[in-house]
Structures are given as structure tokens and as C-alpha cells.
Amino acid sequence: MLSYRHDFHAGNAADVLKHAVFVFTLGHLQRKAGPLLVLDSHAGAGLYDLTSAAAVKTGEFRNGIGRLLPAGSENAPELLAGLLALVQERNPPGKLAVYPGSPALVLAMKRPHDRLAFFELHPADHRRLVGLTGHAKGVVVERADGFKGLLARMPPTGRRGLALIDPSYEIKSDYDKVVAALAKSWRRFATGVYILWYPVIERASAAALTAAVAESGIRKVFRIELGMAPDAPGYGMTASGVLVVNPPFTLPAAAAEALPWLVDRLDARGPTVAEWLVPE
Ligand code: SAM
């Protein structure tokens with residue numbers, strides 16, 4: 001239980017896709033002046049040292065952010081530009097030593113009137129996250145179940161919100177729980193924007209998850225998936241994707257532009273998807 005540590009995976013191809021979509025979507029929502037609640041149901045430690053033993057051991061970041069940062073945010077497709085600029089800001093010029101997780105990204109983008117809510121169950125990661133946020137104004141960090149935290153805070157005051165739902169899926173029941181939590185939250189707050197991340201480890205589990213979302217009654221769900229290798233049960237994560245509920249209207253075109261660039265840079269050899277899972 002809770003053996004998953006994101007330190008081993010920070011900055012890999014799956015993180016880059018998820019965080020690019022997260023930063024792009026948040027940037028779009030912030031074009032309107034009103035305050036936002038950004039909720040991160042499975043927040044992790046927040047910031048990752050890429051020189052740590054864990055990161056070096058797997059070297060996953062080298063095949064993810066390590067292949068993209070040298071391009072520079074100026075030359076990247078719009079979907080990636082915001083993320084790459086924030087990673088650049090965190091690192092010395094020309095170097096890649098740390099990778100910002102979703103909390104560090106949203107902390108960098110937070111406007112004074114935005115509110116952030118982070119949930120993280122792992123005691124060590126929770127401690128690191130508290131250290132990162134530094135009890136900043138308008139930021140809540142709870143060592144609590146993120147599925148319950150999501151439901152407790154929806155709908156947000158002001159009815160503008162973005163939720164990132166990003167479990168590790170180390171427990172099989174997470175596949176059902178994410179769909180149940182998303183559907184329940186959507187019924188309370190149908191105009192909210194939700195980003196749900198999923199891995200493709202066994203295609204059947206990922207397909208069951210997307211089918212359950214498609215049949216849940218939720219409308220306006222855009223799906224982006226990037227396969228690093230063809231489906232291969234028993235060989236770990238070969239692909240990953242995000243489902244974005246109520247996406248920015250610019251997301252489908254941005255994803256269509258970014259995927260071929262990502263495939264080329266990351267030498268991705270699996271299936272890619274950018275399509276409406278559920279139209280309006
Ligand atoms: N969202 C982070 C990011 O993008 O940087 C990465 C999160 S990582 C994939 C998943 C995290 O969820 C782990 O740190 C794990 O300890 C935590 N976790 C697992 N079950 C949880 C639960 N029920 N509620 C809150 N956190 C949980």
C-alpha cells in the first residue's frame with residue numbers, strides 16, 4: 001500500500017503529456033479574470049530532484065522532458081510551450097536538474113485570488129509538499145484521500161474550477177474509483193474542468209476506464225493518448241492518456257499539432273489519439 005513514489009517517474013513521457021495539458025488548460029482558464037479553484041486530488045511531493053538516486057535509477061526523465069527541453073519553449077508547439085517555459089524557469093540555463101510536478105506548476109501560475117487544494121496520502125510526500133507550498137495564502141494541503149477531497153470541495157465557491165485527478169493506479173480499484181469520483185463530481189459541478197490521467201499497462205483496463213467515462217453521462221470529454229510502444233501486456237506502461245472534461249475550445253487543434261512533434265522527439269512507437277470521447 002502506498003509503495004508508489006513519483007520520484008522514479010517524474011518528467012517521463014506520461015508526465016510531460018499530462019503536465020502540458022494541465023498547464024495549457026489552466027492558462028486558458030486564467031484568461032478570464034475571476035478566481036479559480038485548482039484541485040489536485042493526488043498531488044505527490046510537488047517538485048522532483050532529477051539527480052536523486054530514484055530518478056537516476058530509472059532514467060525515465062531522459063526519455064521524456066530530457067528530449068524536449070533542449071528544443072526550448074519558443075520552438076515548441078503551443079500545447080508544450082507553457083510547460084517547457086516553467087521547467088526552464090526552475091533550472092539553470094541549459095541544465096535539467098529538477099522537474100516540477102503538478103503542485104509546483106500550479107503554484108508558479110497561481111494568481112493572488114486563485115485557491116489551490118492539494119491532497120496527498122503518503123506521509124513523506126505530504127511533508128515535502130507542505131515544505132514546497134510554505135503555507136502560502138489560498139493554498140490548502142491535506143494528508144487525506146483525494147477522491148473524498150474532490151467531492152467535498154465541488155462545486156467551488158464562484159463555480160470556476162479545474163481538477164486534476166492523477167492516481168498512481170497501484171491499487172486496481174483506482175480504475176473504478178476515478179470514474180466514480182469524476183462522475184459524482186461532475187453531477188455536482190457539470191461546468192467544471194477535469195483532467196483525468198490514465199496509464200495503459202493492460203489495454204483492457206484502460207479501455208474499460210474510457211468506456212465507463214463514455215457511458216457515465218458526462219458530456220464534452222476530449223481524449224489525448226500517447227503510446228511510447230505498441231500495447232504489450234506484461235511489459236509495464238506502454239502508453240498513457242488524459243481525458244479532459246469541458247476542455248478549452250483550443251485543445252483539440254493544439255493536441256493535433258503537438259502529437260506528431262512529441263512522437264518525433266520522443267521516438268514514440270505506439271498508438272496516438274486526439275479525439276472526442278464524448279461530444280457536447
Ligand atoms: N499529480 C502529481 C504530479 O503530476 O506531479 C503526481 C501524483 S502521483 C502519480 C500519485 C500520488 O498519489 C502519489 O504520490 C501517491 O502517494 C498519492 N496517493 C495514492 N492514493 C491516494 C489517495 N487516495 N489520495 C491522495 N493521494 C493518494
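Colleague: Let's start with Arg5: is Arg5 buried, partly exposed or exposed?

Modeller: Relative accessibility is the value to read, and buried means under 20% while exposed means over 50%. In this predicted model, Arg5 has 22% relative accessibility, so Arg5 counts as partly exposed.

Colleague: Which residue forms a salt bridge with Arg5?

Modeller: For such a pair, look for a side-chain nitrogen of Lys or Arg within 4 Å of a carboxyl oxygen of Asp or Glu. Here the partner of Arg5 is Asp125, with 2.6 Å between the closest N and O atoms.

Colleague: Where do Asp231 and Arg203 lie?

Modeller: First the contact itself: their side chains meet in a salt bridge at 2.7 Å, N to O. Asp231 is in the loop between strand E8 (221-227) and strand E9 (239-245), and Arg203 is in helix H9 (residues 203-214), so the pair joins parts 28 residues apart in sequence. Asp231 is partly exposed at 36% relative accessible area, and Arg203 is partly exposed at 26%.

Colleague: Which residues are linked with Arg203 and Asp231 in a network of salt bridges?

Modeller: Arg223, Glu225 and Glu275 are linked with Arg203 and Asp231 in that network.

Colleague: What about Asp267 and Arg269?

Modeller: Their side chains also form a salt bridge, 2.7 Å from N to O. Asp267 counts as partly exposed at 37% relative accessibility, while Arg269 counts as exposed at 59%.

Colleague: Now the wider view, please. How many salt bridges does the structure hold?

Modeller: The structure holds 13 salt bridges. The chain carries 31 positive and 26 negative side chains, and the centres of these two sets are 6 Å apart.

Colleague: How would you read the overall fold?

Modeller: I would begin with the elements: the chain has 10 helices and 10 strands. Buried residues account for 54% of the 280. Of the contacts between residues at least 6 apart in sequence, 77% join residues at least 24 apart.

Colleague: And how much accessible surface does the chain have?

Modeller: About 11,900 Å², with 57% of that belonging to carbon and sulfur atoms.

Notes: Residues numbered from 1 in each chain as written. Predicted model: local features only at pLDDT ≥ 70, side-chain atom pairs only at ≥ 80, totals over all residues. Heavy atoms only, no water. Helix = DSSP H or I, 4+ residues; strand = E, 2+ residues; numbered from the N terminus. Buried < 20%, exposed > 50% of the residue type's maximum accessible area, 1.4 Å probe, protein only. Contact = heavy atoms within 4.5 Å. Areas by Shrake-Rupley, 256 points an atom, 1.4 Å probe, with all protein chains shown as cover. Lys, Arg positive; Asp, Glu negative; His and termini not counted. Charge placed at Lys NZ, Arg CZ, Asp CG, Glu CD.
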